[in-house]
Amino acid sequence: MKSLDIHKSEYLKQFETQTYGRNLFRTQEEERLDAPNEECGIFGMYSDNDLDTFSLSQFGLFALQHRGQEACGISVLKDGKITNMKDEGLVLDVYKEIPDPETFMGNSAIGHTRYTTAGDKKKYNFQPFFAKNEYDQIILSIAHNGNLTNARELKTELEAEGVVFRATSDSEVILRLIQKNLDLGLRGAIKATMEKIEGAYSVVGMTRNKFFAFRDFNGIRPLVLGAVDEKTYVVASESVALDAVGAQYVRDILPGEIIYTNENEPGKLNSYMVNEEKGKQRICSFEYIYFARPDSTLENINVYEIREKSGEKIWEQAPVEADIVIGVPDSGVPAAIGFSKASGIPFRPVLIKNRYIGRSFIVPTQEMRERVVNLKLNPIISEIKGKRVVIIDDSIVRGTTSKRLVKILKEAGVKEIHFRSVSPPIIAPCYLGIDTPSKDDLISANMSTEQLRDYLGVDSLEFLSTENLKVILGSSNHCFGCFTEEYPVAKGEEIELFS
């Protein structure tokens with residue numbers, strides 16, 4: 001058997017050239033129904049010199065593809081002119097549609113990969129968003145990750161002042177507020193905007209002569225800063241995007257911080273804290289469990305290490321006698337390796353991925369749609385037949401894919417199945433940038449662990465406790481809202497964002 005260190009190395013290496021897939025047992029249709037989904041990934045870079053922004057933005061966004069697969073877009077600054085391109089599809093597909101890459105070569109670029117939470121799927125909701133002047137020139141462009149909880153109220157106020165909205169996304173509220181206040185200067189406009197908006201937001205943007213980024217006062221959604229050299233800066237949702245463009249991780253942008261350039265000081269990046277007393281660290285704990293790529297570092301915490309520790313911790317919390325440990329690719333594998341290390345039970349990568357399959361098939365029946373899962377992942381029956389198996393998964397949301405996984409293992413002749421979730425039970429939806437089902441559809445909000453064990457048809461079932469998750473993360477300074485129903489900010493109105 002290969003050592004666990006080799007398994008770790010091979011596991012992480014694959015994501016440099018292939019997109020990260022969290023739970024490959026979910027069909028594309030089910031990703032909306034049986035999984036929490038991140039809204040998007042954002043990326044930005046600025047240099048005092050001209051860059052190959054076409055290629056570098058593509059590399060950075062490809063590294064963030066797991067955060068949004070519905071649409072992709074970029075804005076590029078060249079010679080004081082901003083050019084925008086956005087379309088439906090994956091990063092590489094959208095870039096293929098750009099006829100003249102030279103158009104997107106400049107000294108600054110921002111980009112966005114989209115998953116819908118607020119707003120519908122129309123093209124006018126794809127990001128980056130931009131504002132124009134009376135000469136039809138783009139003067140401001142932004143990309144946003146998160147959800148505003150008071151967007152509807154602010155939109156109503158702005159419309160009463162004569163502001164016209166073109167999209168149905170809360171991100172446009174941020175754009176219009178900055179645009180409205182530009183007479184205060186860029187920093188003043190962003191400060192005025194941050195003092196009005198509530199919720200979760202990490203934003204990157206540009207004007208015709210400046211680059212900027214800022215983060216909400218609780219730092220709920222991640223945002224990291226890197227540097228290629230002393231005059232070239234990169235900002236992204238995760239550190240893997242820095243790695244993709246050859247930038248060194250510098251630090252995370254602080255809650256309530258604005259970073260920006262000034263045309264009078266070329267190459268210098270400035271920092272401004274809007275309200276230091278208001279700033280608190282409450283980054284989403286689910287970033288570490290599920291959303292972030294495993295080779296990312298957020299708030300100086302390595303995601304892979306957290307996931308491996310979660311496997312070790314759930315062994316301590318709920319040990320069991322078994323013959324092998326398996327993890328659901330991709331997100332359950334590090335925890336399975338950690339469980340194996342702690343327990344001494346061998347880890348076996350017995351769920352084999354087909355790396356050439358696309359995201360979806362056009363199939364007319366549910367039976368055929370379910371067969372797509374077997375094309376994505378197929379078990380090595382000889383490794384598990386007649387064995388007592390521990391299956392490690394990142395979470396259980398609606399329970400439908402977990403139930404199907406159990407069915408596949410039973411059909412393969414597994415003797416016993418012990419299911420371990422390395423997140424606590426998800427009992428509440430998120431209002432801060434994650435698309436989760438309603439509480440009625442969250443199975444742990446409606447069943448006890450014993451009832452869920454019987455529903456899944458497994459021999460035992462355990463969830464990592466919230467207290468143990470806090471131990472692994474090293475503090476309680478995170479958002480645990482989906483596990484506790486206690487949020488760092490008020491959740492706002494439970495209604496459609498815009499009529």
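Q: How do helix H6 and helix H7 pack, roughly parallel, roughly antiparallel, roughly perpendicular or oblique?
A: In this predicted model, helix H6 (residues 171–180) and helix H7 (residues 186–194) pack with their axes 8 Å apart and at an angle of about 135°. Angles over 145 degrees would count as roughly antiparallel and those from 65 to 115 as roughly perpendicular. The angle therefore makes H6, relative to H7, oblique.

Q: Which residues of H7 make the contact with H6, and how many residues of that contact are charged?
A: From H6, the contact is made by Ile 174, Leu 177 and Ile 178, and from H7 by Ala 189, Ile 190 and Thr 193. By class, the contact of H6 with H7 has 5 nonpolar residues and 1 polar residue, while the number of charged residues is none.

Q: Which residues carry the UniProt annotation "binding site", and what is the largest C-alpha distance in the cluster that they form?
A: According to the unreviewed UniProt entry, this annotation covers Cys 284, Cys 430, Cys 479 and Cys 482. The lining of the largest cavity includes Cys 284, Cys 430, Cys 479 and Cys 482. Although they are spread over 199 residues of sequence, they cluster in space, with a largest C-alpha distance of 10.2 Å.

How values were computed:
Residues numbered from 1 in each chain as written. Predicted model: local features only at pLDDT ≥ 70, side-chain atom pairs only at ≥ 80, totals over all residues. Heavy atoms only, no water. Axes fitted to C-alpha atoms, helices over the stretch in contact; angles between N-to-C directions. Helix = DSSP H or I, 4+ residues; strand = E, 2+ residues; numbered from the N terminus. Parallel < 35°, antiparallel > 145°, perpendicular 65-115°, else oblique. Contact = heavy atoms within 4.5 Å. Nonpolar A, V, L, I, M, F, W, Y, C, P; charged D, E, K, R; others polar. UniProt positions renumbered as here; feature names shortened; annotations may be inferred. 1 Å grid on protein atoms, 1.4 Å probe; cavity = no way out; pocket = protein on both sides within 12 Å on 5 of 7 lines; lining within 4 Å.
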